[in-house]
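Subject: Structure handover, salt bridges

Hi,

Here is the structure I said I would pass on. Please open it and keep it beside this email while you read.

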Amino acid sequence: MRFLAVLGLVLVTACPGVKPISELLDDPARFDGQTVRIAGEVQESIGVLGVGIYQINDGTGTLTVVSKAGNGTPRVGAKVGVEGEFRSAFTLGSLTGVVLVEQQRRSQ
């Protein structure tokens, strides 16, 4: 787990404009509707017919990404950078419903 934290910090600092996922999760209303960039390792990935969802962990937190039609999803363990629209649905206590709607993705 320590390795993932170090890897996440390296990825976050190596890519210009990349937001730490923890910053997005700490204040989701501030980023709602904005285009943001994240980078990290794919933890979970589900795709069907070119559309899907996957989770990225950057060592500071995990965020769910909704892929664009036709892009599919990256494999678990892949290191990717994603730019997309951050959407905050709700915050209820310690539970926050947020996603990043993918606009573009690149492998790291």
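Start with E83 and R37. Their side chains form a salt bridge, with the closest N and O atoms 2.8 Å apart. E83 sits in strand β4 (residues 79-92), while R37 sits in strand β1 (residues 35-48), so this pair ties together parts that are 46 residues apart in sequence. Note that the model is predicted.

Is E83 buried or exposed? E83 is buried, at 19% relative accessible area. The cut-off for buried is under 20%. R37 has 37% relative accessibility and counts as partly exposed.

Next, look at R105 and E102. These two side chains also meet in a salt bridge, at 2.7 Å from N to O. E102 is buried, with a relative accessible area of 2%. R105 is partly exposed, with 26%.

R30 counts as partly exposed, at 47% relative accessibility. E23 counts as partly exposed too, at 26%.

How many salt bridges does the structure hold? The total is 6.

Best wishes

Conventions
Residues are numbered from 1 along each chain as its sequence is written. This is a predicted model: local features need pLDDT of at least 70, side-chain atom pairs count only at pLDDT 80 or more; totals for chains, interfaces and linings use all residues. Side-chain values use heavy atoms; hydrogens and water are left out. A salt bridge is a side-chain nitrogen of Lys or Arg within 4 Å of a carboxyl oxygen of Asp or Glu. Buried means under 20% relative accessible area, exposed over 50%, partly exposed in between (1.4 Å probe, protein chains only). Helices (H or I, at least four residues) and strands (E, at least two) are DSSP runs, numbered from the N terminus.
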